[in-house]
Amino acid sequence: MKLTLKIWRQKNPDQKGKLVDYNLNDVNPDDSFLEMLDTLNYELIVKGENPVAFDHDCREGICGMCSLFINGRPHGPDRGIATCQLHMRRFKDGDTVYIEPFRARAFPVIKDLVVDRSAFDRIQQAGGYISVNTSGNPQDANTVPIEKTVADAAFDSATCIGCGACVAACKNASAMLFVSAKISQLALLPQGEVEAKSRVANMVKQMDEEGFGNCTNTGACEIECPKEISLENIARMNREYLKAGVKG
Amino acid sequence: MNRLDAKIPDGPLSEKWTNHKNRLNLISPANKRTLDVIVVGTGLAGGSAAATLAELGYNVKSFCFQDSPRRAHSVAAQGGINAAKNYQGDGDSVYRLFYDTIKGGDYRSREANVYRLAEVSSNIIDQCVAQGVPFAREYGGLLDNRSFGGVQVSRTFYAKGQTGQQLLLGVYAALNRQIGRGKIQMFNRHEMMDVVVIDGRARGIISRNLITGAIERHSAHAVVIASGGYGNLFYLSTYAMGSNASAAWKAHRKGAFLANPCFNQIHPTAIPVGGPNQSKLTLMSESLRNDGRIWVPKNLEDAKAIREGSKKPGDIEDGDRDYYLERQYPAFGNLVPRDVASRAAKERCDAGYGVNVTGQAVFLDFASAIYRSGKEKANVSGLKNVDDATIRKLGKEVMKQKYGNLFQMYHKIVDQNPYETPMKIYPTTHYTMGGLWVDYNLMTTVPGLFAIGEANFSDHGANRLGASALMQGLADGYFILPYTIGDYLSDDIGTGKITTASTEFEEAESEVKETIKKLIGNEGSHPVDYFHKKLGKIMWQYCGINRNKEGLERAMKKIRSVREEFWENVIVPGTAEEFNEELAKAGRLADFLELAELYAKDALFREESCGAHLRQEFQTADGEAMRNDVDFAHVAAWEYTGDPGDARLHKEKLVYENIEVKQRSYK
Ligand SMILES: Cc1cc2nc3c(=O)[nH]c(=O)nc-3n(C[C@H](O)[C@H](O)[C@H](O)COP(=O)(O)OP(=O)(O)OC[C@H]3O[C@@H](n4cnc5c(N)ncnc54)[C@H](O)[C@@H]3O)c2cc1C
Ligand code: SF4
Ligand code: FES
């Protein structure tokens, strides 16, 4: 099939970017979206042009490295998958496809479609852990039973792959879904309870410092999240925040 | 001096590690603060090591090429992690895990290392739970287990289909805690380009900042390589796109021996190649073989009709299907080890029975499992006189609970619904048992240079059991390396800061820059992938599931010629001073093209069939692998001499004192 691609090209963070048109004449519907971009890049390189930079690694929806804003939606049109899991059979012959980076003040563009998401790392460094030593000899794993429903809920929150689609989807570029998923995972587990108050306070403080926007409950994040992380996490985080008694 | 002294402590097997730990030299906290350690890699192995070293007081610099340590390839592991907890009371023990691992590895791993691995395994689970890893639990609130890889006990801990991500997030959290405390300096999007050796000791690395292209010098008192496996030699594999051999290969070039490079595991159940632009292959977890039955048509005409689309799998009557694993291996059936299942699939497809367009696929069929479990469910729910449609509906629900995410993944990629029609699967490269040679202390043949996780060769012999790689990564990083490295560093406390203003750093840096200049300046006509695909084809054809002398010799020649062609004819766009993925890819492929030749040489040299390595000349009359314990019960450790094809072989004899060496049989 034939496609017209409109791809965001930006040499580096300091220069202005723009959408550039590319035509592909022979796209195989069974290729993945990223394989389609590989094919484009191959052609560009052979022609002596610069290939389009984009992030990716596992190509199976788990590392969270791929991004891309495709036709106005993070990770493209399908629900519950990351860009690397999207296949070209989802598009029609003759379609025009807009491909842009995840945009947010806290995610500056590095080059073309590659953005800097290290703000997420810094939020985690501010408190996204349980302070146990790794070299000690902790108690036997079965000493503290955890109700299955609680463990499963903690797991569901923990499935976040840290991709940043929630931020890109949000008109305020809020990182609430991401931060709340981590806070929920740890707050739900007895091991994480001990530090719950300081954790939520420190992570939220860091989140604000990174320049993410406020949450106005539009719910766009939940719809675009490739792991379908639920808005309940945000509600839980707000409760944790109130419990922590931090003044805003 | 024998350069291959494995330094195995004396004493009875079960006391070796404890005694050894008691005898290791310690370093006072004040002195640890003056020692620097570099860790390359933030997967389960590197991440856990960095966190623990920092916690012990060392100053750590940690490197990964992704944009965050949380994306290391460990994240993709699906099935689970083994530990000898015996929570199920099914007779598991440290000895049994040790025994299964040695046997699974076809008697090509070191007793002492494997025993230690089994010994610390149980502590890994304690550690992870304390960190908040949400393992699957039973209704009573205790941890759940499943069985894996054909062993007879249930010792695998798991977190649905994403055990790797959950364990890695635990490691990442520990790492973050130390980064927050300022004890670890994290270098994301940095690629290690070379190791710097000064007066015979590893003293640092040269790295490239993947955003700016800056070449940087980093010094340390010791360097740890935790860069994962090299399966991307095959171009198509279950590895992430960026997984590479460069850190290990550069270490090899600087004097570290490489052990058993040809021991490479081909996993039997991946989604087959779909088209010419395929960039990677997705694994379908081993756990599926508990319920799926593998088959191809009995008749060649049926196979042809299916390939051409004139028949559907459902059109083939049960009597016309060949459930070849059940036929050939009645005792283990569909649950034979990975190497056996992979070979059998290839054999059937080569004989013309393959079931997709390329002829390179077999069926993994859930229809009988759906029916069986549907019936069970109906019985348990007290339903009487239910029709087949209802039974199948119930059965599909059971499958969904067990394998929902895998079925969804398959559906997305192949656009076929595995609840309705059998999956098509085919073997692919998945894990490399070979790697940097290390002694009992996990130190390579270069003093001060350590290797952990999949990057070393240590514990899995010629074949790894399912759910044991995650265990090994965390064992190395949390519980072994942090102590053994202290013993090495204890005579380094007076050395002081290592300067980067030495000729050794100077030379390493200019060599790196020279290589980059050559790549960027080359006026070739083919992109990197062109050569990588070529290499992958050679590897798959001659160095994959089956190997023979003639083919391996041919492979060595062909690899050499692709290497020459690459240097003459590759195009690398852009400049060295910017974000340039093609440049990174070119550097990695340059190293793969050297390692590949050594891989083929190692396979050629090993004149036996063992574990994942099947040499066609060494088989029994009925096509089973024939090991040669008299001549090959050793680790083949290769020394770099300037040309990968001329590497020098050193042998470490493997001695079995606690286990009876037997021929494997799954009939
Ligand atoms: C699809 C899949 C499923 C699997 N499932 C299981 C399972 O269920 N159970 C099991 O036990 N095992 C499983 N395995 C195997 C297991 O996941 C790996 O063997 C293990 O995670 C490797 O961990 P590691 O820490 O050694 O390396 P990795 O996790 O691969 O990490 C390598 C690190 O090194 C860094 N790095 C590499 N090269 C460089 C360089 N040149 N410069 C700087 N940094 C570099 C990377 O950035 C990364 O941080 C699976 C493997 C795959 C591919
Ligand atoms: S919450 Fe969802 S969208 Fe946001 S980072 Fe996590 S996985 Fe991505
Ligand atoms: S590339 Fe890993 S999630 Fe898409």
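Is B:Arg293 buried, partly exposed or exposed? B:Arg293 counts as partly exposed, with a relative accessible area of 23%. On this scale, buried means under 20% relative accessible area, exposed means over 50%, and partly exposed lies in between (1.4 Å probe, protein chains only).

## Before we start

This is a predicted model, in which local features need pLDDT of at least 70 and side-chain atom pairs count only at pLDDT 80 or more, while totals for chains, interfaces and linings use all residues. Residues are numbered from 1 along each chain as its sequence is written, chains are lettered from A and ligands numbered from 1 in the order in which they are written, and side-chain values use heavy atoms, with hydrogens and water left out.

## Salt bridges inside the chains

Let's stay with B:Arg293 for a moment. Its side chain meets that of B:Glu326 in a salt bridge (2.8 Å, N to O). These two sit in distant parts of the chain, 33 residues apart: B:Glu326 is in helix α9 (residues 324-328) of chain B, and B:Arg293 is in strand β12 (residues 293-297) of chain B. Helices (H or I, at least four residues) and strands (E, at least two) are DSSP runs, numbered from the N terminus. B:Glu326 is partly exposed too, at 26% relative accessible area. What makes a salt bridge here is a side-chain nitrogen of Lys or Arg within 4 Å of a carboxyl oxygen of Asp or Glu. Why would such groups meet at all? Because side chains of opposite charge can pair when their charged atoms come close.

Over all chains, the whole structure has 70 salt bridges. One of them joins A:Glu210 and A:Arg122, whose closest N and O atoms are 2.7 Å apart. A:Glu210 is buried, at 15% relative accessible area, whereas A:Arg122 is partly exposed at 34%.

Back in chain B, B:Glu506 pairs with B:Arg217 in a salt bridge, with 3.5 Å between the closest N and O atoms. Here the partners are 289 residues apart, B:Glu506 in helix α14 (residues 503-521) and B:Arg217 in strand β8 (residues 215-219) of chain B. Both are partly exposed: B:Glu506 has 46% relative accessibility, and B:Arg217 has 24%. There's also a network of salt bridges that links B:Asp106, B:Arg108, B:Arg606, B:Glu608, B:Arg627 and B:Asp629.

## The annotated site in chain B

Which residue does UniProt label "active site"? An unreviewed UniProt entry places that feature at B:Arg338. UniProt positions are given in the numbering used here, feature names are shortened, and annotations may be inferred rather than shown by experiment.

B:Arg338 lies in helix α10 (residues 338-353) of chain B and is buried, at 6% relative accessible area. Beyond its neighbours within four places in sequence, B:Arg338 has contacts (heavy atoms within 4.5 Å) that include B:Phe148, B:His267, B:Glu286 and B:His430. B:Gln265 is also a partner, through a side-chain polar contact of 2.8 Å. A polar contact is a pair of N or O atoms within 3.5 Å; within protein, one must be able to donate a hydrogen and the other to accept it, and residues adjacent in sequence count only if both atoms are side-chain atoms.

## Two domains in chain A

Chain A is assigned domain 1 (3-111) and domain 2 (117-246); the bounds come from an automatic or database domain assignment. Taken over C-alpha atoms, the centres of these two domains of chain A are 29 Å apart. Where they meet, 23 residues of domain 1 touch 21 residues of domain 2.

The two domains bury about 1,600 Å² between them, with 58% of that from carbon and sulfur atoms. Buried area is the accessible area (1.4 Å probe) that two parts lose on being put together, summed over both. Two salt bridges cross this interface.

## Where the chains meet

The contact between the chains takes 73 residues from chain A and 80 from chain B, and about 6,200 Å² is buried, 51% of it on carbon and sulfur atoms. A:Glu60, A:Thr134 and A:Phe155 supply 11% of the area that chain A buries against chain B, more than any other three residues.

How many salt bridges are there between chain A and chain B? The count is eight.
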